[in-house]
Every structure is written in structure tokens, then in C-alpha cells.
Amino acid sequence: MLQKITELLQEVSSVTLKNTGDLELFRLKFLSKKGLLSDLFEDFKNVPPSSKKEIGQKLNLLKQNAQEKYNSLKTELSNLEDITSYTDLTRPSYLYSLGSRHPISIVRNELIDIFTRIGFTVSEGPEIEDDDHVFTKLNFAPEHPARDMQDTFYISRLSSEDSSPRDILLRTHTSSVQVRVMQNQKPPIRTISPGRVFRNEAISARAHCIFHQVEGLYIDENVSFADLRQTLLFFAREMFGKETEIRLRPSYFPFTEPSAEMDVSCKICGGKGCNVCKHTGWLEVLGCGMVHPNVLEACSIDSRKYTGFAFGMGIERVAMLKYGVNDLRLYFENDLRFLDQFKSAF
Ligand code: PHE
């Protein structure tokens, strides 16, 4: 019996198998109820007591080795089968469908990137605001038309007649964030505030009641209109290309004096005039100006010591000009045929 066990130990240690069928034969031969091991354990009952210890140890070793061999061959073969049955290395691969960023996110990220490179920080603030931060501190007269229900979404109004600093509303521009920054920080301040804004407009190709802005603010000693112009030229060339020119036209905002509107040269016709620029050679991009002293004072900043500039633009508008999008509504419809076109942009 000892001889037989020794032979079997050798067989177990040297066995190699090709497939799971062979493995099953191995199991039947050694480990099953009718297999060799059970026969040997049966025979073991008749072994004389003097040999029981030696034979018993060998038999247990055989049992252990056979079981271990079975387990290891099983994992080996199943790995092999996984590879052989599922992997055809010549087969064309699956097409991975890549997601894409929304054009508004792409342009917002690019704007943040451009301005943070020249030292601007990013500030955020609440979308639900009060009259004080959206209008009063920004030098809007009490009867200013922007405060009208037709332009502003009110959440609660103390009386429909007058405007109170405690009226709660959806912010109509992110200048409100800049008021909060001015109230909480000392100059020098150099920050941009990207975010969603809300205006009570009928939805059309050119207007929407929700859109996105990035507004910028720079306050320090001796900040001049030339600084504003140079910052905006840098932005325009980074965003629309090195050849881009800008022009500033006088405008009016309650919170800046002087105020201007900035146009960029039309990229499509190179300034010669086309349908997109309505044959002017220029495209309107943003509003800007020198921060009104009343705004600085309302936010406890000494207007004799400090000056500053501010600017604000619609992200949808910038994206429209950059990508040639002709209908604002496309940004909000989540139509994959539109969104898929921005796959290669980040
Ligand atoms: N807040 C203005 C708007 O929403 C934009 C602007 C910002 C204009 C800063 C001038 C200076 O249209």
C-alpha cells in the first residue's frame, strides 16, 4: 500500500491537463466517492497498527496534494478558457462613445483659464439674491427700469410699488457677487465671477430667461481705463485669435462711469463685413467701464484712494461668436446632434 501511495503522489505532482474535461477525469479518479482516495481510506482500516502511523501520514499527504492540485489546475484552466473563449485579438474593438462638455462649460472654463493666468481669482455667490446686492449698492436709482417686474424675477417683494433692499429676487447679473467681494475684501481686488443669471425675457433665438455670465472686477490704486483696455485686448486675442482687434464704444451702466461696450473684429469676414457682423465688421461682446465712485463708497472702499474697472459678458454670446451658433435655445435643449459637435473641445 505504501508503494501504491508513493506512486500516486508522484502521479499527482507531475500531472498536466489540457482542458476541463481532463480535470473532471482527475477529480473522478482521485477525489470522488468512488475514487482512489476513498478506496485507499477504506483499505486503511485493514492496515496493521504498527504501520498505521506511517501509512496514515502518507495517505493524508496524498489527499491534501490531490485536493491542492485539483484547485490549482481548476483556476489555471478557467483563466485559460476565459482567454481562449472570449478574446479574439483580431476582432475589431468596440467603439467607445465619448461624452463631451457642454459648450457653455467649455467657454466658461476657457474664460476662467484666461483671466486666472493674469492674476484674477474666481468668486461665486448666491443665485437667489436681495435687491441691495443686485441693484442698490450698484447705484441703480429706485425707479430704474431693470427693477421692474418685467425684467426681474421677484421671489418676494415687500410692496409692488417701491423697491426695498430686502426684496428677494433671482440675480439679473453676477455683479452682485462683486458687491459681496468688495464688502468682504480689501483692495487690491482682482476677481471674476462666473454664474447663472435670470431675466424676465421671452425665449427666442436671441434671448433667454436663463443665461450665464462672467463678470470681472479690478480695484487698486491708480487703475486706469488704459488697464481696462489692455486687459480686454488680452482676453479678446486669447479667446478669438491673435489677429483680433477690439473697439470700445461709449455706453451707459449705473455702476460704471465712464462706461463702454466692447466689440471684436469679425473673425468670419476679417472685418470686411458679412451677414454675421451685419456688414459692420464688428461683433458686440461685452459691457465694461470704470467702477462708479458711488459703488465703491457703498461697499466701504475709499473712492479717493482707489479706482477700478469692471466688465461683464454673456457666456452664451461668447460661445455663439466662437462657434458660430445662431440660436440661443440650442444651449438649453440638450439635443445630442448639437452637443456631439463639441467632442473635440475641452
Ligand atoms: N452687469 C452688466 C450686465 O449684466 C455687465 C457689466 C459689468 C457692464 C460690468 C459693465 C461693467 O449687462
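Reader: Before we start, what are the ground rules for the numbers here?
Author: It's a predicted model, so local features need pLDDT of at least 70 and side-chain atom pairs count only at pLDDT 80 or more, while totals for chains, interfaces and linings use all residues. Residues are numbered from 1 along each chain as its sequence is written, and side-chain values use heavy atoms, with hydrogens and water left out.

Reader: Which polar side-chain atoms reach ligand oxygen or nitrogen?
Author: Polar contacts here are pairs of N or O atoms within 3.5 Å; within protein, one must be able to donate a hydrogen and the other to accept it, and residues adjacent in sequence count only if both atoms are side-chain atoms. Gln213 has a side-chain N or O atom 2.8 Å from a ligand oxygen. For Arg199, a polar side-chain atom sits 2.9 Å from an oxygen of the ligand, and for Ser175 the distance is 3.2 Å, to a ligand nitrogen.

Reader: And how much of the ligand's area does the protein cover?
Author: 90% of the 330 Å² of accessible area that the ligand has on its own. Those areas come from the Shrake-Rupley method with a 1.4 Å probe; for residues, only the protein chains shown count as cover.

Reader: Switching topic: is Ile189 buried or exposed?
Author: Ile189, in strand E5 (residues 189-198), has 1% relative accessibility, so it counts as buried. Buried means under 20% relative accessible area, exposed over 50%, and partly exposed in between (1.4 Å probe, protein chains only).

Reader: What's Ile189 in contact with?
Author: Leaving aside neighbours within four places in sequence, Ile189 is in contact with Val181, Met182, Leu217, Tyr218, Ile219 and Ile301. Contact means heavy atoms within 4.5 Å.

Reader: Last one: which residues of H10 are buried?
Author: In helix H10 (residues 315-323), they're Ile315, Glu316, Val318, Ala319, Met320 and Leu321. Their cover includes E6, E9 and E10, along with helices H5 (103-117), H8 (225-240) and H11 (330-333). Gly324 follows H10, with a positive phi near 70 degrees.

Notes
Helix = DSSP H or I, 4+ residues; strand = E, 2+ residues; numbered from the N terminus.
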